[in-house]
Amino acid sequence: NLFANATQASIYVAQQIAALITQQQKQGKLAVLGLATGNTPKRVYQELVRLHQNEGLSFANVVSFNLDEYYPIYPEDEQSYTYFMQEHLFKHVNIKPQHIHIPHTRCETEDILDYCKEFEDKIASFGGLDLQLLGIGRNGHIGFNEPGSSFDSATRLVNLHAVTREDAQADFGGLDQVPQQAVSMGVNTIRQAKRILLLALGERKSEIVSKALQGEITPEVPASFLQSLAQVEYVLDHEAAGEI
Ligand code: GLP
C-alpha cells in the first residue's frame with residue numbers, strides 16, 4: 001500500500017487499528033495489539049490519540065504487547081520504550097494499566113530468560129496478537145530481531161547490532177550510553193499475529209525496504225521473512241518505496 005506522504009500512510013495505519021478496536025468492541029471482545037516504538041509510529045499514535053479525544057474511540061478493550069525493550073533499562077528512563085509508549089499513547093487514552101505489556105528489563109530483578117518465556121506465554125493466553133505494527137531498522141531488523149535471527153525465534157535476550165546502536169546514539173546522548181542488549185519478541189512470535197502492518201517512511205528506509213520486499217529471504221535481513229506470510233501488508237510512503 002503506497003501513500004503520497006508519511007502523514008497519509010500513518011493515518012491509514014491508525015484507521016486500520018481503530019477499525020479493529022471498534023470491530024472487537026462490537027463483539028464484546030478484546031483487541032490484542034502488538035505495538036512498536038521508534039520515530040516511524042509516532043504519527044500513528046498521534047492520530048489514535050486524536051481519534052480517542054475527538055471521535056470517541058475507546059481503548060477500554062485494548063490489550064497491548066510491545067515488541068521490545070532495551071536491556072537493562074529502568075521503565076522510568078526517558079530512553080525506555082515504556083516511557084515512549086506512555087508519552088506517545090498510553091497516558092492520553094483510556095487503556096487499562098493492567099492491559100499494557102512492555103518487556104520489563106530491570107537488571108536487578110527477575111531472571112530475564114524466565115521472563116521472556118512468561119512474556120511469550122502471556123501473548124498466547126490472550127489468543128495471540130490480532131494485529132502487529134512493525135517498523136523496520138536500516139539493517140532489516142523487525143523489533144530487535146537483528147541480522148542472524150532465525151525464523152523460529154521466540155521472545156529472548158538479543159545482542160544489538162552496530163547499526164542499531166549507532167541509530168540509537170542520539171537518543172542516549174552517545175554511543176557508549178546505548179545498551180548492548182535488548183529483549184525482543186522473536187520472528188516466530190511476530191509471524192503468529194493474525195495481521196501484520198509494516199510501516200516504513202522516508203528515503204533513509206528505501207534501500208532496506210527494497211531488500212526486504214524484493215530481495216532474497218534470509219536471516220541476514222529479518223524483515224525478508226515477512227515475504228513468506230500472507231497476512232502482511234506493507235504501508236509505505238513514496239520516499240520509502242523509492243527503490244522498488
Ligand atoms: C528500533 C526498534 C524497532 C524500530 C526500528 C526503526 O530500534 N526496536 O522496533 O522499528 O528501530 O526505528 P525508526 O522508526 O526510528 O526508524
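Q: Which residue in E8 is the bridge partner of Asn-159?
A: Gln-181 in E8 is the bridge partner of Asn-159. Strands (E, at least two residues) and helices (H or I, at least four) are DSSP runs, numbered from the N terminus.

Q: What kind of model is this?
A: This is a predicted model: local features need pLDDT of at least 70, side-chain atom pairs count only at pLDDT 80 or more, and totals for chains, interfaces and linings use all residues. Residues are numbered from 1 along each chain as its sequence is written.

Q: Back to E7 and E8. How many bridges join E7 to E8?
A: Four, and the two strands run antiparallel. E8 covers residues 181–184. Two strands pair if DSSP finds at least two bridges between them.

Q: What is the strand order in that sheet?
A: E4-E8-E7, an open sheet of three strands with antiparallel pairing. E4 (68–71) and E7 (156–159) are the edge strands, each pairing on one side only. The twist averages 30° from one strand to the next.

Q: Which helix packs on the sheet?
A: Helix H4, residues 112–125. H4 touches E4, E7 and E8, and its direction makes about 120° with that of E7. Contact here puts C-beta atoms, placed from the backbone, within 7 Å. Angles run from 0 to 180 degrees between N-to-C directions, with axes fitted to C-alpha atoms, for helices over the stretch in contact.

Q: And the seven-strand sheet, what order does it have?
A: E1-E10-E9-E6-E2-E3-E5, open, with parallel pairing. Its edge strands are E1 (2–3) and E5 (100–101). E3 (residues 62–66) pairs with E5 over two bridges. Ile-100 in E5 is the bridge partner of Ser-64.

Q: Switching to helices. At what angle do H1 and H2 cross?
A: Roughly 55°, with the axes coming within 8 Å. H1 is residues 6–26 and H2 is residues 42–55. That makes H1 oblique to H2, since angles under 35 degrees count as roughly parallel, over 145 as roughly antiparallel, 65 to 115 as roughly perpendicular and the rest as oblique.

Q: Which residues meet there?
A: Among them, Ala-6, Ile-11 and Ile-17 in H1, and Val-44, Leu-48 and Leu-51 in H2. The contact divides into nine nonpolar, two polar and two charged residues. Ala, Val, Leu, Ile, Met, Phe, Trp, Tyr, Cys and Pro count as nonpolar, Asp, Glu, Lys and Arg as charged, and the others, Gly among them, as polar.

Q: Last one. How many residues surround the ligand?
A: 13, and the closest are Gly-38, Asn-39, Thr-40, Gly-135 and Gly-137. A residue is near if its C-beta atom, placed from the backbone, lies within 6 Å. The shell has four nonpolar, eight polar and one charged residues.

Conventions:
Contact = placed C-beta atoms within 7 Å.
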